[in-house]
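Here is a short walk through one protein model. Keep the sequence and the 3D view side by side as you read.

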Amino acid sequence: MSNPFFEPSTLPYQLPPFADIREEHYLPAFEAGMAEKLAEIDAIAADTEGPTFANTVVALERSGAVLTRVANVFFNISSSDATPGTDAIEGEMSPKLAALSDAMLLNQQLFARIRALYEQRENLELSAEESRLLERYYTRFVRAGAALSESERDRLRAWNMEIASATTEFKHNIMAATKAATLILETEDELAGLAPAAVAAAAENARSLGQDGWALSLQNVSNQPVLAELADREVRRRMMMASLGRGFGGSPNAELAGRIANLRAKRADLLGYPDHAAYTVADQTAKTTDAVEDMLAQLIAPAVTNAEREAAELTAAMRAGDPGADTELRSWDWQYWSEKVRAERFALDADALRPYLELERVLRDGVFHAAELVYGITFQERTDLVGYHPEVRVFEVFDTDGSGLGLFLGDFFARPSKRGGAWMNELVGQSGLDGTRAVVVNNLNIVKPPQGEPALLTWDNVRTLFHEFGHALHGLFSDVRYPFFSGTSVPRDFVEFPSQVNEMWASRPEILENYAKHVETGAPIPAELLEKRAAAERFGEGFRTVEYLGATLLDWAWHRITADQSADIDAELFEESALRKAGLALSAIPPRYRTGYFAHIFAGGYGAGYYSYIWSEVLDADTVEWFEDGAAPIREKGEQFRRGLLAKGGSVDPLAAYESFRGRAPEIQPLLNRRGLTG
């Protein structure tokens with residue numbers, strides 16, 4: 001059968017031909033792609049010529065073209081526009097793909113060739129990128145278990161397949177549980193506090209779900225943004241309970257979490273590490289668990305102190321504003337009263353910002369405009385090119401000299417078929433070896449307005465838009481020869497750094513004033529409102545830091561369990577104990593993610609790596625300070641940042657590149673200053 005994945009796309013930048021792709025194409029393409037990859041691996045391993053960089057390492061880099069094409073498309077679709085059919089395909093393919101990875105990384109003939117090259121690397125006259133590629137391949141094989149005995153490799157294969165199946169099941173369970181937890185309200189009075197546009201969106205959401213009344217869908221975080229606006233305390237309580245209960249009770253995710261953590265611990269033990277956290281960070285920029293724990297130790301106590309101070313303020317405000325309420329500040333009260341105090345203290349109504357934060361203007365006159373000012377690149381929408389969903393938009397990106405840099409796809413609105421959160425994927429990776437430029441996609445979950453209405457954003461939406469575009473720039477600016485190093489193929493605790501830096505441009509006056517214009521009149525946002533927003537921005541930093549650290553310490557606790565600990569773990573008791581031990585057991589501030597819906601660590605690549613956001617923020621805060629020191633024009637600094645860091649992907653050691661770019665090692669003080677953790 002004709003299959004669009006079997007040959008490279010003929011569209012610009014090899015954009016996948018979404019108009020031709022059907023669900024029935026995925027399985028045949030996966031099967032053909034895996035067969036092709038296995039044949040190529042076997043041919044490389046069985047080559048009768050002695051190993052050379054070209055016939056072994058470069059040959060591996062060229063292998064698996066069909067599989068790469070289908071996997072890049074499918075795993076974006078499975079998160080952004082899933083169907084029961086794609087769920088079934090993912091459930092079938094995940095263990096098979098894990099087995100394929102093992103077939104390569106545990107292939108003894110192939111490993112012998114890699115090891116022989118690695119041991120004579122000083123005599124091979126390799127370029128710096130080639131030398132690093134050989135070192136990374138050797139490390140990858142060893143960390144995957146290639147140096148184990150045959151019986152140990154068999155055990156590892158079985159565990160890898162089981163982990164792959166369990167994480168896929170966990171992901172699907174989250175989507176089902178989140179959809180099931182949608183709060184259906186029967187009367188409009190229950191939505192008191194919401195802006196009229198939000199009420200209309202809730203009614204439209206209910207209709208789309210086949211329900212009467214109004215529907216408030218959940219995002220994949222504990223503290224739902226709508227809690228800041230709902231005036232009815234009982235509705236807020238119901239919303240928070242629905243959010244926190246996902247993955248517990250009737251869902252198997254709590255049990256799956258224990259099983260995944262146990263299997264990862266066993267695998268780490270087999271590979272010579274005390275636990276999965278130690279195994280993970282050994283290949284990150286952190287290198288050791290001590291380094292991570294030392295960094296976290298500097299943050300927890302001052303963050304809790306800040307949060308407790310904030311709790312006292314909010315409790316006082318609640319007692320004054322609602323004398324009939326009980327005297328204890330609950331988790332469902334925090335955001336609501338925080339907004340009340342914020343509005344009173346800074347005279348800022350969050351809803352007053354929305355008319356000035358319209359999606360189209362934020363995108364074109366904010367995100368794109370900032371990229372042009374800092375990096376000199378430009379954008380043109382390509383309505384002749386189609387995405388994988390009618391809501392997906394395609395933009396061509398041009399470099400400073402007018403040459404094509406790649407494609408950017410934007411998929412901005414929430415829908416039932418999309419998982420929560422926001423993320424970036426590569427549909428085509430940049431590679432000098434293959435002659436490809438990057439095609440990247442940003443997924444967000446902005447509430448879609450009713451037909452014909454503008455999409456008005458919250459400030460958090462704006463920040464997320466800039467953040468995810470930072471990932472997109474990392475992919476688009478990639479300038480490496482080998483696909484192994486392309487774009488965001490860097491250590492997990494470095495990958496968030498460029499995206500966090502890009503958030504700074506959302507607040508820069510010359511950019512903010514360019515996009516923050518009234519949706520109806522086009523009038524610029526009043527300077528007074530900008531000043532209030534800036535003054536209010538750090539308010540609540542204690543809450544945000546504790547919320548994040550709670551999730552970080554949960555991830556860390558799950559992945560510091562040892563191989564001899566049972567997989568039969570009571571997840572709720574485990575959470576309670578871990579947070580208490582870390583000094584983060586604040587009932588009014590639940591972790592940003594609880595175990596049952598912690599997709600980052602149990603259905604994504606962040607297991608024992610959620611610390612990476614704050615680790616990367618150390619670099620981010622240090623870099624923002626550099627951007628703002630006035631030593632050179634922003635455009636000049638943007639070029640240094642692009643060429644010195646973003647363009648290099650994983651082709652150099654990230655911290656070494658940072659130190660070369662910055663002229664010194666990163667310092668934590670700018671982060672402490674930013675988050676108000678200096679006492």
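To compare two helices, each gets an axis, a line fitted to C-alpha atoms over the stretch in contact, and the angle between N-to-C directions runs from 0 to 180 degrees. Bear in mind that this is a predicted model.

Start with a pair of helices. Helix α1 covers residues 26-45, and helix α3 covers residues 65-80. They pack at an angle of about 140°, and their axes are 8 Å apart. Angles over 145 degrees count as roughly antiparallel. The pair is therefore oblique. Their crossing is left-handed.

Which residues of α1 and α3 make the contact? From α1 come Tyr26, Ala29, Phe30, Gly33, Met34, Glu36 and Lys37. From α3 come Ala65, Val66, Leu67, Val70, Ala71, Val73, Phe74, Phe75 and Ile77. Of these contact residues, 13 are nonpolar, one is polar and two are charged.

Now move along the chain to the strands. Strand β5 spans residues 404-413. Nine of its 10 residues are buried, so β5 is largely enclosed by the rest of the structure.

β5 pairs with strand β4, residues 393-398, in the antiparallel sense. Six bridges join β4 and β5. In one of them, Val397 is partnered by Gly406 of β5. β5 also pairs with strand β7, residues 438-446. Here the strands run parallel, with seven bridges.

Go back to the turn of the hairpin. Five residues lie between β4 and β5. Gly402 sits in this loop and takes a positive phi near 90°. Is Gly402 buried or partly exposed? Its relative accessibility is 47%, so Gly402 counts as partly exposed. Now find Phe466, which is 64 residues from Gly402 in sequence. Their C-alpha atoms are 23 Å apart in space.

The last stop is Glu310, in helix α12 (residues 289-321). Its relative accessibility is 11%. Buried means under 20%, so Glu310 counts as buried. What is Glu310 in contact with, leaving aside its neighbours within four places in sequence? The partners are Trp334, Gly540, Glu541, Gly542 and Phe543. Val341 is 31 residues from Glu310 along the chain. The C-alpha atoms of Glu310 and Val341 are separated by 10 Å.

Key
Residues numbered from 1 in each chain as written. Predicted model: local features only at pLDDT ≥ 70, side-chain atom pairs only at ≥ 80, totals over all residues. Heavy atoms only, no water. Helix = DSSP H or I, 4+ residues; strand = E, 2+ residues; numbered from the N terminus. Parallel < 35°, antiparallel > 145°, perpendicular 65-115°, else oblique. Left-handed = near helix turned anticlockwise from the far one by under 90°. Contact = heavy atoms within 4.5 Å. Nonpolar A, V, L, I, M, F, W, Y, C, P; charged D, E, K, R; others polar. Buried < 20%, exposed > 50% of the residue type's maximum accessible area, 1.4 Å probe, protein only. Pairing = 2+ DSSP bridges.
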